[in-house]
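Me: I want to know what lies behind the labels on this structure. Let us take them one by one.

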Amino acid sequence: MEYQTILKNLISVLDRNYPSGAAKNNIVRKVLDIDKMGAYRRLNGLVQFKVHELALLCSHLQLPLETVFNLPKGKTVSLDLQMPDYSVYGMDDHDLHRRSLEILDMAARSPNSKLVIGCNMLPHSIITDYDFLLRFLLCKWMYFRNDSGQNTPLSKIMMNHELVKIKHEIVRRLAQFKSVVMVWDSRIIESLINDIVYFYKINLITDAEMDELYQELSRYLNQAQKLAADGCSHISGNPVYCYISSVSLDSNYGFIDSDTVKASILQAFILNIGWNTDDGSFEYVRSWMNTLIRSSTLISTSGEVARADFFNRQRKTIEILKA
């Protein structure tokens, strides 16, 4: 196999996760521990990557070997699961989120960009204006992250300023997609309420915090209902199509479709996001989501009765937080 083909494949895979030349140069420098010029010369074909350097890049960045070296694909695909440490948010964690922003930026600039997401729990990326809800998700993440038995109550959970800032940036990027489709599980709020009640029973949430969570959920439902009624983003004015699923969803998943980026997405472990730019995986998820949409009820702009019924049921569900 010719080296130029390997280099072309490597650059193509890197482009999907590191759209800018500077980003690609920086990650190659960091992984291979070389200077800026050394990374530049390798990426531009002036100096060949050594075999062990290619192995390091593929291993560290979870790049698919079959794509770089034109190997036959099996039935498994690699998932770039981004797992920042939210309890001690550092530069490496920040870099992971910056990568997501670069991918979203590149996709959103496409004239035909589309984001489709199915949700069985509130996506943490869209509740950045809700301090207690976001802190509760972090509290839940820390609960499962910690195996010492010393659990951190919600009152001690504080969001890192840089983390909140970057999540606001993600919300702005999502609004720039030319169209967004959201499919909500009909029990999306009920699942969240069950979690909140459990944490209340084990004394990680106080009565006052239960009331704050109720107030924020009420505000969120008002905002979500307005979004569904308007059928467009209040940030960009771009269309948003809201559906209620007729079947239960087992996780948050979806895909990005644009001229420049095609990726499948999976939310895992409460706050973490997995990306996959494999063409086969993308087509699989897109087909899955299209079937889900066909079996769901549209409540954007039209479907007024179904929309009112759905949000009335969600408001009734959250009343337990006031008890």
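Me: Why is Thr301 called exposed?
Reply: This is a predicted model, and in it Thr301 has a relative accessibility of 53%. Exposed means over 50%. The value passes that cut-off, so Thr301 counts as exposed.

Me: Where does Thr301 sit?
Reply: Thr301 is in the loop between strand S8 (297-298) and helix H12 (304-318).

Me: Which residue other than glycine has a positive phi near 65°?
Reply: Asn203 has that value. Asn203 lies in the loop between helix H9 (188-201) and helix H10 (207-230).

Me: How do you know whether Asn203 is buried or exposed?
Reply: Take its relative accessible area, 66%. The cut-off for exposed is over 50%. Asn203 is therefore exposed.

Me: What is the label for Ser246, buried or exposed?
Reply: Exposed, because the relative accessibility of Ser246 is 53% and the label needs over 50%. Ser246 is in the loop between strand S4 (240-244) and S5.

Me: What does Ser246 contact beyond its neighbours within four places in sequence?
Reply: Ser246 is in contact with Ser295 and Ser296. The side chain of Ser246 reaches the backbone oxygen of Ser295 at 2.6 Å. A polar contact needs N or O atoms within 3.5 Å. As for Leu32, its C-alpha is 49 Å from that of Ser246, and the two residues are 214 apart in sequence.

Me: Why is Asp257 called buried?
Reply: Its relative accessibility is 15%. Buried means under 20%. Asp257 falls below that limit, so it counts as buried. Its place is in strand S5 (residues 252-257).

Me: What surrounds Asp257, leaving out residues up to four places away in sequence?
Reply: Asp257 touches Asn112, Ser113, Lys114, Lys262, Phe282 and Arg286. With Arg286 there is a polar contact between side chains, at 3.2 Å. The limit for such a contact is 3.5 Å.

Me: How do you know whether Ser281 is buried or exposed?
Reply: Ser281 has a relative accessible area of 14%. The limit for buried is under 20%, so Ser281 is buried. Ser281 belongs to helix H11 (residues 279-294).

Me: What makes the link between Ser281 and Ser264 a polar contact?
Reply: Their side chains come together at 3.1 Å. The cut-off is within 3.5 Å.

Me: How many helices and strands does the protein have?
Reply: There are 12 helices and eight strands. The radius of gyration is 21 Å, close to the 20 Å from the globule rule for 323 residues, so the protein is as compact as a globular protein of that length. Its C-alpha atoms fill a box of roughly 70 × 45 × 35 Å along the principal axes.

Me: What share of the residues is buried?
Reply: Buried residues make up 49% of the 323. The protein exposes about 16200 Å², with 53% supplied by carbon and sulfur atoms.

Me: What share of the contacts joins residues 24 or more positions apart?
Reply: 73% of the contacts with a separation of 6 or more.

Me: Where do the charges lie on average?
Reply: The mean positions of the 36 positive and 36 negative charges are 3 Å apart.

Terms used. Residues numbered from 1 in each chain as written. Predicted model: local features only at pLDDT ≥ 70, side-chain atom pairs only at ≥ 80, totals over all residues. Heavy atoms only, no water. Helix = DSSP H or I, 4+ residues; strand = E, 2+ residues; numbered from the N terminus. Buried < 20%, exposed > 50% of the residue type's maximum accessible area, 1.4 Å probe, protein only. Polar contact = N/O pair within 3.5 Å; in protein donor to acceptor, adjacent residues only side chain to side chain. Rg over C-alpha atoms; globule rule 2.2 N^0.38 Å. Contact = heavy atoms within 4.5 Å. Areas by Shrake-Rupley, 256 points an atom, 1.4 Å probe, with all protein chains shown as cover. Lys, Arg positive; Asp, Glu negative; His and termini not counted. Charge placed at Lys NZ, Arg CZ, Asp CG, Glu CD.
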